[in-house]
Amino acid sequence: MISVVIPTYNEAAVIEETLRRAAAALRTAAEDFELVVVDDAGTDGTAERAESLASEIPVHVLRRPGRLGLATAVLDGWAIARGEVLGVMDADLQHPPEVLTGLAQAIRKEGADLAIGSRYVPGGGTSDWTWMRRMISRTATHMAATVLPLKLAAVGDPMSGVFLVRASALCDAHLNPLGYKILLEVLAKAHYQKLVEVPYIFQERERGSSKLGARQYLEYLLHLVRLAVGTGQLYAGIRYALVALVGALIDVGLVCALVQRQGWPAIAALPLAIEVALLSNFAWSEIFTFRSSPTSRFRSGMWGRLLRYEGICIPGALLNILVALVWLSQIGKLITGAALGVVSGGVCNFLFNIPSIWRTWGRCVYSR
Ligand code: GDD
Ligand code: MN
């Protein structure tokens, strides 16, 4: 059976249509199902309207005494759910309930452990969002991938609020979410092998109003920090930053030594210094940042990782050289040019490459 939790806080205007369409979508997938509405003492009679459909649709309503948060509503709903597959979907029709058909099929036919409704895979998207809203959504998604690169690098839409997961994947997962993003918690802690993203278009809200405010944004940031600490990725991040700093010093020091002491032209010194710095970064990543245990330092696959790492770093390295040469030709001070080059390359990696760089070591166990 599939149990889909539908959290509500004042959604009377839409709840009946949501429940009917969700039921139809799951029937289309030929699924045995139940819908669990978790209502937080709204004032508009959402719970009563949901209950009034109980004769046509298998729906249960859990009433909670006050607004206790979206993520905990999902957990409380799952706690009373009977399905071996658990799920969640918004009540406000911004998640078109029809996506449940594809999600159910991903679990049953494709054998997924986790099926996520996704805006950021081909075929998915957002309706007429302003560029500002798009940017906030993308930034929040990218931040999550940068803070939790080992867990989230392979997921297009880790912020999604519509997904199904096998209950068995959540055994001993100790979900302890904060705020809105229950999926982050599941991605970070559940034991899943196969993840499938099913595209959907996030709809405009036509009725009722969004419950997302400043408090939810703050909770999101706190949630990310807590997950980074809990999964050990914060400490790996600090080690990563230390290694990057050493690499930067090597790069600048070597450029200056080669040009000023040995009389090399900058255009030859820069690539060599960058390569030495990258090798240092790589070696320290192997033995320090992502080490599993001191005895397994020289694990198999090292050359493959080196090649991949070098490949990912090429654009940052080119930017580094370009910035340094332009600075040298315009202003002329070598050490500043080399330093600006390093910073540009580093920022480029930080903005675009952290998830893929970390995934180079993604299969290695890393210590806390
Ligand atoms: N029980 C309960 N308690 N339900 C809540 C609470 C709460 O404290 N806060 C919000 N809800 C319900 C709403 O009634 C709605 O059904 C659903 O949770 C989502 O709330 P919205 O306020 O409509 O969220 P949103 O549209 O801004 O964000 C949604 O879209 C995101 C995609 O970026 C959420 O679904 C996110 O989970 C999703 O990731
Ligand atoms: Mn909404």
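**Exercises on a predicted model**

Leaving aside neighbours within four places in sequence, T101 is in contact (heavy atoms within 4.5 Å) with A25, T28 and A29. This is a predicted model, in which local features need pLDDT of at least 70 and side-chain atom pairs count only at pLDDT 80 or more. Residues are numbered from 1 along each chain as its sequence is written.

**Exercise 1.** State in which helix T101 lies, and whether T101 is buried or exposed.

*Solution.* Step one: T101 belongs to helix α4, residues 99–108; helices are DSSP runs (H or I, at least four residues), numbered from the N terminus. Step two: buried means under 20% relative accessible area, and exposed over 50% (1.4 Å probe, protein chains only). Step three: T101 has 13% relative accessibility, so T101 counts as buried.

**Exercise 2.** Identify the protein donors of the manganese ion (ligand 2) and classify their accessibility.

*Solution.* Step one: donors are N, O and S atoms within 2.8 Å of the metal (3.2 Å for Na, K and Ca); water is not among the atoms, so sites may look incomplete. Step two: D92 (OD) and Q94 (OE1) lie 1.9 to 2.0 Å from the ion. Step three: D92 is buried at 6% relative accessibility, and Q94 is buried at 9%.

**Exercise 3.** Determine how many residues of helix α7 (residues 182–189) are buried, and name them.

*Solution.* Step one: seven of the eight residues of α7 are buried, and the helix is mostly covered. Step two: the buried residues of α7 are I182, L183, L184, E185, V186, L187 and A188.

Conventions: Chains are lettered from A and ligands numbered from 1 in the order in which they are written. Side-chain values use heavy atoms; hydrogens and water are left out. Helices (H or I, at least four residues) and strands (E, at least two) are DSSP runs, numbered from the N terminus.
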